[in-house]
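Please keep the viewer open as you read.

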Amino acid sequence: MNIRSVSRRQFVKVGALAAGALPLRQLAASQPMEESFKPSPEPVPGPVSSHRAQLRWLEGGIPRVRPGTTWGVSWPEGIHPPGTPFGLRDPMGGELPLQSWPTAYWPDGSLKWTAHALPAEAGSAETLELVAGANPAAAGRPVVVRTRPDGIEIDIGVMTVRIPRSGNALIESLVRDGREIARDGRLVALAEGDPDESGKVGQEASESVLSRTVVEQDGPVRAVVKLEGSHRLVQGDRTWLPFVVRLYFYAGAASIRLVHSFVYDGDEHRDFIRGLGIRFSVPLTDEPHDRHIRFAGEGDGLFGEAVRGLTGLRRDPGAAVREAQVAGLPTGPVEDFDPRVGNRLHLIPAWGDFTLAQLSADGFQIRKRTKAGHGWIPAGAGRRASGLAYIGGISGGLSLGMKDFWQRHPTQLDIRNADTGEARLTLWLWAPDAPPMDLRFYHDGMGMETHRDELEGLEITYEDYEEGFGTPHGKARTSELMLWVHDATPAREQFAAMAETVRTPPLLAAAPEHLHACVVFGPWSLPDRGHPLKARIETMHDRLLASWMNQVEQHRWYGFWDYGDFMHSYDPDRKVWRYDVGGFAWANSELSPDLWLWYAYLRSGRADVFRLAEAMTRHTGEVDVYHLGRFKGLGTRHNVQHWGCSAKQVRISTAAYRRIYYFLTADERVGDLMRDLVDSDHAFTRLDPIRKIRRGPPPSTDPERLSIGLGTDWGSLAAAWLAEWERTGDTIIRDKLVSSMRTIGALPHGFFTRDSTFNAHSGAFTPAGEPGIGVSHLSAVFGLVEIAAELIDLVDDEGFERAWVEYCELFNASGSEQEARLGRSLGRLNLGQAHSRLTAYAGRRRDDARLLRRAWEEFLGAAAGLPLRERAAFNRQEGPAVLNPVEETPWMSCNASSQWGLAAIQVLALAGDHAPEGRQ
């Protein structure tokens with residue numbers, strides 16, 4: 001075995017094929033779309049180049065506010081050595097400031113993925129061009145990072161930020177033009193005891209305590225500071241809820257991006273989170289009538305008021321005064337007011353406290369009061385708030401917002417003490433106005449005390465219950481926030497544009513043709529409607545995507561812990577998804593919906609698909625995975641609750657579901673999550689994932705003799721090792737990965753080998769006992785197909801390739817073919833359609849037309865899958881049969897849709913030239 005040092009790909013040939021595919025402009029014109037779809041902008045036209053990448057803003061057009069952005073671009077193997085500079089040009093040839101760094105390398109050491117950062121307000125064009133080998137323009141006002149023993153100072157031109165190394169505050173001060181706009185930015189948490197207890201339940205407040213501060217990047221265009229710590233009780237010594245917060249600074253920006261991650265490490269039976277948020281203090285010096293409150297509503301909607309209103313009074317201060325206050329401009333000297341108003345300002349109430357609470361996906365309310373101890377009055381209401389608030393005055397102030405604000409309900413924005421010299425602005429990730437966060441398991445076990453009892457439960461509700469396993473201890477959630485430091489109250493139009501940026505942060509993206517030509521992420525193809533059968537598959541694929549987007553909205557798959565996931569299966573009798581039926585509820589990545597969405601994006605460049613996949617990646621990588629405790633590194637199988645199932649497995653936590661998002665965005669948090677999985681093979685020393693069905697003695701807990709399966713287990717581990725190797729070039733991880741591949745190829749029956757042991761130190765597999773044959777229909781459908789294909793392209797090992805291609809060929813083969821090759825038939829296996837892409841892979845690797853034709857027969861035969869017919873015509877249900885109008889189809893499931901989508905994409909890519917005629 002050897003690691004390839006010379007590419008076996010031919011970039012020019014692949015690029016020519018990609019460029020010769022049907023242009024997306026034609027696709028958009030001929031492609032039927034559901035009404036709920038907003039077609040993404042077309043990829044940038046032009047030839048594919050190994051030295052240039054055509055970029056566009058993901059949502060199309062030019063973002064109204066550009067606070068600075070970071071994105072990733074792939075490159076073909078063997079072209080660009082480390083240290084290659086990159087430049088960025090606008091359509092007129094103008095050079096733009098740029099900061100670049102590598103995020104992955106090919107085996108020969110050349111650049112595979114690079115990340116790039118653009119400063120604030122740069123990129124005012126619909127398309128840009130990234131050029132390898134060109135030097136970027138210098139940033140006009142570069143980021144400057146100064147480190148001190150007690151903290152860090154970041155100067156981004158417009159403002160200066162001071163970050164302490166210890167204490168409660170994450171941000172000590174935000175200064176603009178010499179004036180402190182905000183200070184003492186800290187995390188806050190509220191918790192209470194059992195809400196079921198009678199009587200008043202006391203609340204405990206906690207605040208952030210820093211333990212570590214690290215500068216990860218220091219300019220010139222982008223700086224990143226990573227803050228780690230936990231929450232400590234204000235009255236007590238207990239610390240809990242560990243957090244990681246990253247602060248992102250871009251040259252010339254008046255804003256900061258914050259990525260907040262926390263882990264729940266409490267006792268779900270007594271630690272009920274009542275509020276979780278971030279709070280800033282905002283000094284105020286302007287007169288109350290020159291202080292302003294802003295809340296972003298839905299779309300460009302805005303709630304804007306003054307602390308002391310001058311409109312609607314019995315006496316008129318003057319039209320100029322009223323208009324200025326509504327616009328957020330200085331109202332002028334009081335002496336210029338009509339004296340009937342100016343002399344009575346002290347008799348006009350000053351409203352000090354404002355709250356916007358989004359307690360569901362379908363409604364928010366705004367209320368206000370003069371001060372604590374006095375009653376609240378309703379001030380406004382709407383459906384879906386954008387999640388941005390401002391407090392300040394004509395001399396400046398602070399805006400703070402959260403992405404996916406209404407989708408991640410219950411959320412809340414609080415402004416307090418706006419009538420005093422120092423206001424407080426709090427953004428609540430979990431709203432104190434909502435019921436407390438109740439993470440307890442949803443039933444009492446119903447008498448299941450043994451594994452035999454639990455397997456009986458599995459038979460009826462598909463739930464794999466085990467006492468003590470349905471715990472949220474170790475689950476995490478990441479939120480994306482933005483703050484702006486203003487030198488004046490933002491104009492209403494400006495504030496609406498800022499809200500759009502919060503809802504949909506601007507992102508640059510390479511064209512699908514470029515990504516495809518670089519041959520990343522294994523076999524996938526660009527849309528091709530040049531053949532009637534292919535055209536019909538593309539149409540069904542688009543409609544299937546549309547149907548899932550509709551289901552998210554129609555069934556309100558929103559909420560703090562839920563947003564980003566799909567449901568597993570539908571209940572046609574109740575006309576709802578089986579949200580309360582054991583293993584049929586939340587999918588938790590079952591059969592790889594994550595991968596389906598990401599490959600659907602790669603080939604189309606569609607913004608709506610990207611945002612859906614992004615939400616799923618944020619969810620499944622955080623909520624469905626354990627980040628500390630006895631299950632660290634493992635994910636949880638599908639269940640009513642995201643932590644409910646006792647099947648804790650690496651197939652759910654796999655890095656295969658995170659890699660694509662990471663390389664497209666260079667997201668550091670997702671990079672952390674993948675790195676945390678590098679040693680997840682050691683979780684097998686603590687837990688046997690098949691303990692309930694294992695025959696024979698318990699497996700060894702010796703790290704050198706672990707029982708690790710060759711399917712979902714190894715595929716997930718290999719994904720983490722591959723990600724770490726390509727990101728860092730780590731030879732220890734590489735050698736472990738290569739050792740595992742070499743020894744799988746040497747096993748008596750390759751991937752069909754039933755029993756083997758794994759050495760977690762060396763990565764080697766060895767036969768265990770009498771070598772038998774075993775196979776599972778699940779082995780390949782959690783990312784193994786994609787990872788194995790990539791590894792075969794990266795590492796030359798004939799034994800591994802032979803073993804994998806044999807598995808791909810024989811899984812769906814006839815019993816007689818299996819018996820001739822393996823000595824026995826594999827019996828009746830499930831997911832035949834899903835495995836058609838394996839047959840296609842074997843056919844392509846062996847250049848075997850018979851196998852390629854067989855792949856089409858399997859895909860169109862739809863065994864345990866979806867037939868190719870007009871199945872996307874949903875039945876609309878409304879009236880007393882349902883709570884809200886929905887579109888249903890009884891056959892729909894996350895499993896079938898995900899595997900149909902992946903099979904379609906890969907069969908088209910691998911066997912497209914053998915598409916049967918007359919099958920329309």
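In which handedness of crossing does H14 pass H15?

1. The crossing of H14 past H15 is left-handed, a word used when the near helix is turned anticlockwise from the far one by less than a right angle, with clockwise giving right-handed. Please bear in mind that this is a predicted model, where local features need pLDDT of at least 70 and side-chain atom pairs count only at pLDDT 80 or more, while totals for chains, interfaces and linings use all residues. Residues are numbered from 1 along each chain as its sequence is written, and side-chain values use heavy atoms, leaving out hydrogens and water.

2. Helix H14 covers residues 712-728 and helix H15 residues 731-746; their axes lie 8 Å apart at an angle of about 145°. Axes here are lines fitted to C-alpha atoms, for helices over the stretch in contact, and angles run from 0 to 180 degrees between N-to-C directions. Helices are DSSP runs (H or I, at least four residues), numbered from the N terminus.

3. Who touches whom here? On the H14 side the contact (heavy atoms within 4.5 Å) includes Trp714, Trp721 and Trp725, and on the H15 side Ile733, Leu737 and Ile744 are among the residues. By class, this contact has nine nonpolar, one polar and three charged residues. Ala, Val, Leu, Ile, Met, Phe, Trp, Tyr, Cys and Pro count as nonpolar, Asp, Glu, Lys and Arg as charged, and the others, Gly among them, as polar.

4. Now look at helix H8 (residues 532-554) and helix H21 (residues 894-911), whose axes come within 11 Å and cross at roughly 145°. H8 passes H21 in a left-handed crossing. Among the residues in contact are Ile537, Leu544 and Trp548 of H8 and Trp900, Ala904 and Leu908 of H21.

5. The whole structure holds 79 salt bridges, each a side-chain nitrogen of Lys or Arg within 4 Å of a carboxyl oxygen of Asp or Glu. One of them pairs Arg658 with Asp594 at 4.0 Å, N to O. Arg658 sits in the loop between helix H11 and helix H12, and Asp594 in helix H9, 64 residues apart. Both Arg658 and Asp594 are buried (under 20% relative accessible area, with exposed over 50% and partly exposed in between; 1.4 Å probe, protein chains only).

6. Another salt bridge joins Arg845 and Asp793 at 3.6 Å, N to O. Arg845 lies in helix H19 and Asp793 in helix H16, so the pair ties together parts 52 residues apart in sequence. Arg845 is partly exposed at 31%, and Asp793 is partly exposed at 21%.

Notes. Helices (H or I, at least four residues) and strands (E, at least two) are DSSP runs, numbered from the N terminus.
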